[in-house]
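Biologist: I would like to go through this model feature by feature. Please give the general idea each time, then the case at hand.

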Amino acid sequence: MSTATFTVKGMTCGHCVSSVKEEVSEVAGVTSVEVDLASGLLTVGSEGPVDAASISTAVKEAGYELVPSS
């Protein structure tokens with residue numbers, strides 16, 4: 001089991017959180033998704049290392065963007 005954390009920009013409400021959770025939960029290997037609206041943090045639990053590109057694509061499908069890691 002592994003966990004990865006990302007920052008999502010553009011979320012403003014509970015519906016935003018639901019959209020991101022729904023899309024990211026469909027990524028292969030993802031076992032849990034937690035989203036904190038206040039901080040924009042997206043925490044993804046998975047069976048193995050998660051593909052950041054797949055997570056980014058899922059977040060874009062929901063209508064938002066990941067903040068690039070510095």
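Modeller: Start with burial: a residue is buried under 20% relative accessible area, exposed over 50%, and partly exposed in between, with a 1.4 Å probe and protein chains only. By that rule, 36% of the 70 residues of the protein chain count as buried. This is a predicted model, in which local features need pLDDT of at least 70 and side-chain atom pairs count only at pLDDT 80 or more, while totals for chains, interfaces and linings use all residues. Residues are numbered from 1 along each chain as its sequence is written, and side-chain values use heavy atoms, with hydrogens and water left out.

Biologist: Which elements does the protein chain run through from the N terminus on?

Modeller: Helices (H or I, at least four residues) and strands (E, at least two) are DSSP runs, numbered from the N terminus. Here there are two helices and four strands, in the order β-α-β-β-α-β.

Biologist: In what order do the four strands stand in the sheet?

Modeller: Two strands pair if DSSP finds at least two bridges between them. The sheet is open, with the order β2-β3-β1-β4 and antiparallel pairing. At its edges stand β2 and β4 (65-66), each with a single partner strand, so one side of each has no neighbour in the sheet.

Biologist: How many bridges join β1 and β3?

Modeller: Six, in the antiparallel sense; phenylalanine 6 stands opposite leucine 42 in β3. Strand β2 (residues 30-36) also pairs with β3 (residues 41-46) over six bridges, and valine 35 has leucine 42 as its bridge partner. Four residues lie between the strands of the β2 and β3 hairpin, where glycine 40 takes a positive phi near 80°. Strand β1 (residues 2-9) and β4 pair over two bridges: valine 8 with leucine 66, and lysine 9 with glutamate 65.

Biologist: Where does helix α1 lie?

Modeller: Axes are lines fitted to C-alpha atoms, for helices over the stretch in contact, and angles run from 0 to 180 degrees between N-to-C directions. Contact means heavy atoms within 4.5 Å. Helix α1 (residues 14-25) lies across β2 and β3, at about 160° to β2.

Biologist: Is glutamate 23 buried or partly exposed?

Modeller: Glutamate 23, in helix α1, counts as partly exposed because its relative accessibility is 23%. Leaving aside neighbours within four places in sequence, glutamate 23 is in contact with Ala58, Glu61 and Ala62.

Biologist: Which residues touch the most other members of the largest nonpolar core?

Modeller: In soluble globular proteins, nonpolar side chains tend to be buried together. A nonpolar core is a set of buried Ala, Val, Leu, Ile, Met, Phe, Trp, Tyr and Cys residues joined through side-chain atoms within 4.5 Å. The largest one has 20 residues, and those touching the most other members are Met11, Val20, Val24, Leu42, Ile55, Val59 and Tyr64. Two or more residues each come from β1, α1, β2, β3 and α2 (52-62). Not counting residues up to four places away in sequence, isoleucine 55 touches Phe6, Val24, Val27, Val30, Leu42, Val44, Val50 and Leu66.

Biologist: What radius of gyration does the protein chain have?

Modeller: The radius of gyration is taken over C-alpha atoms, and the globule rule is 2.2 Å times the number of residues to the power 0.38. For 70 residues a compact globule would have a value near 11 Å, and the protein chain agrees at 11 Å. Its C-alpha atoms fill a box of roughly 30 × 25 × 20 Å along the principal axes.
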